[in-house]
Amino acid sequence: MSPTIYDIARVAGVSKSTVSRVLNNQTNISPEARVRVLEAIDALKYQPNKLARALTSNGFDAIMVISTRSTKTTAGNPFFSEVLHAITARAEQEGFDVVLQTSKNSEDDLQKCISKIKQKMIKGIIMLSSPTDESFFEALDSYSIPVVVIGKVEGEFNNVCSVDTDNYHDSIMLTETLINQGRRRIGCLHAPLDYHVSVDRLAGFKQCLAAHDIAVQNSWVVDGGYTNESALAAAEKLLSGESRPDAIFATDSLKLMSLYRIAHEKGIVIGEELTLVGYSNDMLSFLLSPPPVRIEVPIHELGTLGSALLFSKIAGNAVPARTRVATTLASQ
């Protein structure tokens, strides 16, 4: 049987409350008593129960990471794996555990968050997605716990801040490269419009066409969903038939890969018959031939900065409500 704090108290010759104060790093204890307790802990090879310590102190040293998306839509997505790696690395430096939450839907996510907040199981939350329905943020804000959103936040909140790139203007810049190459038959393969990032990228695309007096061909603006299957089906739709675009803007890496694959299957020569631009990363661009003109999103930086903001808020420091990270336009 594992030793308990009662065993420590007996060996050290102190009360149980004295042992508890030592375990919780409280100062109202004599140096001599602290030494006896620490020696007893060492002799008994005591491993403190983390839950018990949390319930008798100010909670776990832990943060929660949530995506507000189902695992089916995030599985295999390089953004979520890379940003999570950056967050866990920073949390380890801070001595914090990371609780990764997956749920069926946003309401399930919210209830799990509230439950853990009430149980003092977490001291902060990082959200990896930014839903257009910001009632999620409003609900969390009422619990006065630090929340950092990697994505856009439009509303004004007391405890919620965001770190993001400029998706709207980046998408204008990407679409502009197609127009500068003389393309006019331009389509867009986008993600569902449930999140700010998708809304802003599609809006930037449409704004750029409007600025150049190019009409939006609605049949060439296709929702590619979240999964491999839905993205491939949408790419197939865009590239089928005689009347198809000669240039396409892909709003994320999954859509971009799907277009390359379907174009290859149909014998469409990318760079000649079809020009593609979109959002990508170094590894994907290395694999695609010819490499597309692309926006390279600094995923690791978003995770590192987002977690740094969260730990600063947990420490009681003031942080900006909105922080923007620069992106890179690349062609090779």
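Two residues are said here to be in contact, or to pack against each other, when heavy atoms of theirs lie within 4.5 Å. Please also keep in mind that what you see is a predicted model.

**First stop: helix H1**

Select residues 5–12, which form helix H1, and colour Ile8, Ala9 and Ala12, the buried residues of this helix. If you look down the axis of H1, these buried residues fall within an arc of 100°, so they line one face of the helix. Which exposed residues does H1 carry on the face turned away from its buried side? They are Tyr6 and Arg10.

Next, look at the two ends of the helix. Thr4 caps the N-terminal end of H1, with a side-chain oxygen that lies 3.2 Å from the backbone nitrogen of Tyr6. After the helix comes Gly13, whose phi is positive, near 70°.

**Second stop: Thr18**

Move on to Thr18, which you will find in helix H2. Thr18 has a relative accessible area of 9%, and it counts as buried because this value is under the cut-off of 20%. Show its side chain together with that of Ser15, and you can see the polar contact between the two side chains, at 3.0 Å. When neighbours within four places in sequence are left aside, Thr18 is in contact with Ile29, Ala33 and Val37.

Select Gly225, which sits in the loop between strand E7 (221–223) and helix H11 (228–238). Is Gly225 buried or exposed? With a relative accessibility of 14%, Gly225 counts as buried. Then display His190, Ala191, Pro192, Ser230 and Lys255, which Gly225 touches when residues up to four places away in sequence are not counted. For Lys255, which is 30 residues apart from Gly225 along the chain, the C-alpha atoms of the two residues are separated by 9.0 Å.

**Last stop: helix H13**

Finally, select residues 282–287, helix H13, where Met283 is found. Met283 has a relative accessibility of 55% and therefore counts as exposed.

Conventions. Residues are numbered from 1 along each chain as its sequence is written. This is a predicted model: local features need pLDDT of at least 70, side-chain atom pairs count only at pLDDT 80 or more; totals for chains, interfaces and linings use all residues. Side-chain values use heavy atoms; hydrogens and water are left out. Helices (H or I, at least four residues) and strands (E, at least two) are DSSP runs, numbered from the N terminus. Buried means under 20% relative accessible area, exposed over 50%, partly exposed in between (1.4 Å probe, protein chains only). The arc is that of the directions from the helix axis to the C-beta atoms. A polar contact is a pair of N or O atoms within 3.5 Å; within protein, one must be able to donate a hydrogen and the other to accept it, and residues adjacent in sequence count only if both atoms are side-chain atoms.
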